[in-house]
Amino acid sequence: MKRVCGRSADRITNLPEDVLHRVLVSLPIKDAAKTSILSTKWRHHWRSIPQLVFDRSFAIESGGFRTTDMRSKLMFNIYKAMLLHDGPVAKFLLSFPGLSPRYGNEIDEVVLYLSRRGLQEFKLSCAAFDGRKYKLHSSLFSCLQLNLLTLRHCEFRQPSWFVGFSKLTVLLLSDVTLPSDFCENFLLKCPMLKTLRLTNCDGPSNLNIVAPCLERFCFTYRDLQKICFNCTPVLLSLRLCRNFEKTADMVALLASITELQEFRVDFQLPQHLTVGDSDVPIRLPTPLHRLKLLHTRNLDFSSLETAHFLVCLIISSPNLRELTIKLDPSQQNQPSTNNAATSILSLLEAESRQGSGSCCLQQLREFRIEKCLGTQMELDLVKFVLATAPILKRIYIPRWHKLSSEKVIEFMKEVKRYRRISKDVEVIYDSK
């Protein structure tokens, strides 16, 4: 402490209250509460911090969470902290192992308490118990200041009096059971929503996404029959992880998203589909002129439909800059896989010969091929990219444990022989 007029100058205590709050919210809540013993001025500061976090660390500090008695004591400590808190709560997180629907009444009391505290960010992570999920208390829907909502292992149905979350910008739902009217009577009432993530959710079999401000959408879903984007004019990033019943469904879906810049797809198309122009066109009806990043994961290249769909994506994305292909290693040694790879290359080469000889990879900077086994199919893909991407900077191959060092040497030696249209390209095998 610096001495001023014979007394210690307390530089921290005299800081503005909002600065003190920023200091206190950086501490675990139990440590923040302990600052009340520092001096009279510090006695009540922690009671008005705008953020309450009750997570795994808090549970451990409170005596653990492994037994029923421990969890009961933990909920008591949470109640105690909330009763002592006398200010608004902008951010609240409740997530620790063992928090399940059996504590539904206690969680209801927490949600009811928060509904009167100006809540802006709410994160609740429960665990399923006997197949049941926690049913979200209706009082949460009166928190009209919410701008971020994260729920896990919950079930909710918005009440009839719900007027909407006019300030909600981020909605992250994982293992949540959605109401049948989720799109019509919930999403439509969140007009400022920018980020939506639905992970392993269930509920309605059809989703009609109407979100005029939506920029990012990540989606894995159970038992979904159809998804439509009818009003998403600024959707920039899309990630889909599911099985589509028909390839045409995916084609129609992408044709409705014209501003897309990033597309990540992680699914396997059904092998029983028949190949036909009506299923997979050579290009989308509306090109994805703004698409710069395309990541495909675990695509089953033993399926011709999958091969044609990938070609359709590449040809329909003339400004693609980053392409990642993550193969399904279980399918790579099948004869049908080689047929699909041949089909991919034939279609791409045919496209590159059209017009003035330009190729769909004119803007490609980086090509990644993951779970590489060193097969001829992979060599042919690398060869084609090297020969047709004029401003390519690098081809990146991450290390994979199933690829032996001998195979790596053989693979890289073969790649070095291929013609390269780009003078600056380098082929990198990451051995780490």
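**H4 against H5.** I looked up how helix H4 (residues 68-84) packs on helix H5 (residues 104-114) in this predicted model. I get an angle of about 15° between them, and their axes lie 11 Å apart. I note the crossing of the two helices as left-handed.

**Residues in that contact.** Which residues of H4 and H5 make the contact? From H4, I list Met-75, Tyr-79 and Met-82. From H5, I list Asn-105, Glu-106, Glu-109, Val-110 and Tyr-113. Sorted by class, I have five nonpolar residues, one polar and two charged in the contact of H4 with H5.

**Ser-100.** I then went to the loop between strand S4 (91-95) and H5, where Ser-100 is found. Is Ser-100 buried or exposed? I read a relative accessibility of 5% for Ser-100. Buried means under 20%, so Ser-100 counts as buried. Leaving out residues up to four places away in sequence, I find Ser-100 touching Ile-107, Ala-127 and Phe-129.

**Whole chain.** I count eleven helices and 20 strands in the protein chain. The chain has 432 residues, and 49% of them are buried. I took the contacts between residues at least 6 apart in sequence and find that 66% of these join residues at least 24 apart.

Key
Residues are numbered from 1 along each chain as its sequence is written. This is a predicted model: local features need pLDDT of at least 70, side-chain atom pairs count only at pLDDT 80 or more; totals for chains, interfaces and linings use all residues. Side-chain values use heavy atoms; hydrogens and water are left out. Helices (H or I, at least four residues) and strands (E, at least two) are DSSP runs, numbered from the N terminus. Buried means under 20% relative accessible area, exposed over 50%, partly exposed in between (1.4 Å probe, protein chains only). Contact means heavy atoms within 4.5 Å. Axes are lines fitted to C-alpha atoms, for helices over the stretch in contact, and angles run from 0 to 180 degrees between N-to-C directions. A crossing is left-handed if the near helix is turned anticlockwise from the far one by less than a right angle, and right-handed if clockwise. Ala, Val, Leu, Ile, Met, Phe, Trp, Tyr, Cys and Pro count as nonpolar, Asp, Glu, Lys and Arg as charged, and the others, Gly among them, as polar.
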